[in-house]
Amino acid sequence: MTPPDAPHNRWSDLDRPPLNGTALRRGLLRPDALWTSLEVVESTGSTNTDLAGRARDGAVGEGAVLVAEEQTAGRGRLERTWTAPPRSGLFFSVYLEPGDIPVERWGWVPLLAGVAAATGLAKSAGVDMSLKWPNDLLVAVAGEERKTGGILGEFAGDGIVVGLGVNVSLRSDELPAPTAGSLALAGAVSTDRETLLRAVLRSLEDWYGRWKEADGDAAASGLQAAYAAGCATLDRTVRAELPGGKSLVGEAVAIDGDGRLVLSTEDGLQQPVSAGDIVHLRGAAGGLT
């Protein structure tokens with residue numbers, strides 16, 4: 001018999017109980033809901049890789065959710081890795097099929113997930129959240145802006161897989177970098193992962209429904225305004241590290257209709273940035289509550 005404190009015992013850290021897949025399915029899978037399947041696995045390399053593979057094979061339909069208690073090869077933007085102790089966060093991916101919505105508008109889906117995650121977590125964890133363009137989730141820890149989550153979208157099958165990783169209960173000595181944070185360190189009133197996951201998925205369902213009803217129009221659905229309202233990158237001087245090794249410095253002044261970050265440069269030009277790594281240099285942060 002395995003001792004209760006064995007390293008791989010799923011109850012070895014009583015502050016981090018395992019997710020109850022049955023309860024999650026009971027609460028989220030309804031006949032009229034977006035979510036059609038939900039699986040919780042003990043460990044995997046990457047939920048995005050797994051779910052994208054299933055989508056390409058035609059093994060899942062829209063509304064599939066794959067959750068892992070631990071990711072051993074989690075991926076972030078720009079091929080960065082995402083690691084955290086088992087059951088210390090939310091690590092999951094969803095599969096969406098926007099269907100007849102013009103493909104050029106699908107780029108809003110990861111940003112939509114950012115708005116949904118920030119609003120869902122703010123309500124359920126009681127923590128002020130903000131977004132760093134394009135899709136980092138930020139919290140304040142001891143007065144400092146810290147990254148507590150990230151979002152990655154990729155085309156697969158007839159739709160798009162969106163992965164979310166959120167640090168929930170990480171302690172200071174477990175943080176992967178000095179710039180990282182967690183909901184617990186930000187003073188969350190709840191770190192119950194089932195409560196948080198349900199809140200994020202319900203918020204995502206709500207925002208996705210609004211966006212689809214507006215035929216993917218980010219302005220008409222309110223998504224563009226919501227993202228801008230919660231974006232900590234706006235009204236700050238930033239450096240955009242662009243593909244190819246180039247960089248651009250300017251004041252972030254807007255999120256345009258295509259989801260691009262618009263920078264006002266020293267020469268008076270307004271330059272939209274569609275991809276790149278953003279470094280906040282100075283200025284005030286926004287909040288999404």
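This is a predicted model: local features need pLDDT of at least 70, side-chain atom pairs count only at pLDDT 80 or more; totals for chains, interfaces and linings use all residues.
1. Two strands count as paired if DSSP finds at least two bridges between them.

2. Strand β10, residues 236-241, runs antiparallel to strand β11, residues 247-255, and five bridges join them. Within this pairing, Ala240 faces Leu248 of β11. The two strands form a hairpin with five residues between them, and Gly244 there adopts a positive phi near 90°.

3. Strand β11 also pairs with strand β12, residues 261-264, again in the antiparallel sense, over four bridges. Here Ile255 is set opposite Leu261 of β12. This second hairpin has five residues between its strands, and its turn contains Gly259, with a positive phi of about 80°.

4. Helix α4 covers residues 193-213, which amounts to 21 residues. From first C-alpha to last the helix reaches 30 Å, close to the 30 Å expected at 1.5 Å a residue. At the start of α4, the backbone nitrogen of Glu194 has a side-chain oxygen of Asp192 within 3.2 Å. After the helix comes Asp215, with a positive phi near 60°.

5. Which residue lies over the face of Trp207? That residue is Arg210, at 4.0 Å from the ring centre.

6. Trp106 belongs to the loop between β5 and α3, whereas Phe155 belongs to strand β8, residues 144-156, so the pair ties together parts that lie 49 residues apart in sequence.

7. Are the two partners of this pair buried or exposed? Trp106 is buried, because its relative accessible area is 7% and the cut-off for burial is under 20%. Phe155 counts as exposed, because its relative accessibility is 54% and the cut-off for exposure is over 50%.

8. Val103 is likewise found in the loop between β5 (89-96) and α3 (108-125). With a relative accessible area of 51%, Val103 is exposed.

Definitions and conventions
Residues are numbered from 1 along each chain as its sequence is written. Side-chain values use heavy atoms; hydrogens and water are left out. Buried means under 20% relative accessible area, exposed over 50%, partly exposed in between (1.4 Å probe, protein chains only). The expected span of a helix is 1.5 Å times one less than its number of residues. A polar contact is a pair of N or O atoms within 3.5 Å; within protein, one must be able to donate a hydrogen and the other to accept it, and residues adjacent in sequence count only if both atoms are side-chain atoms. A charge sits over a ring if NZ of Lys or CZ of Arg is within 6 Å of the ring centre and within 35 degrees of the ring normal.
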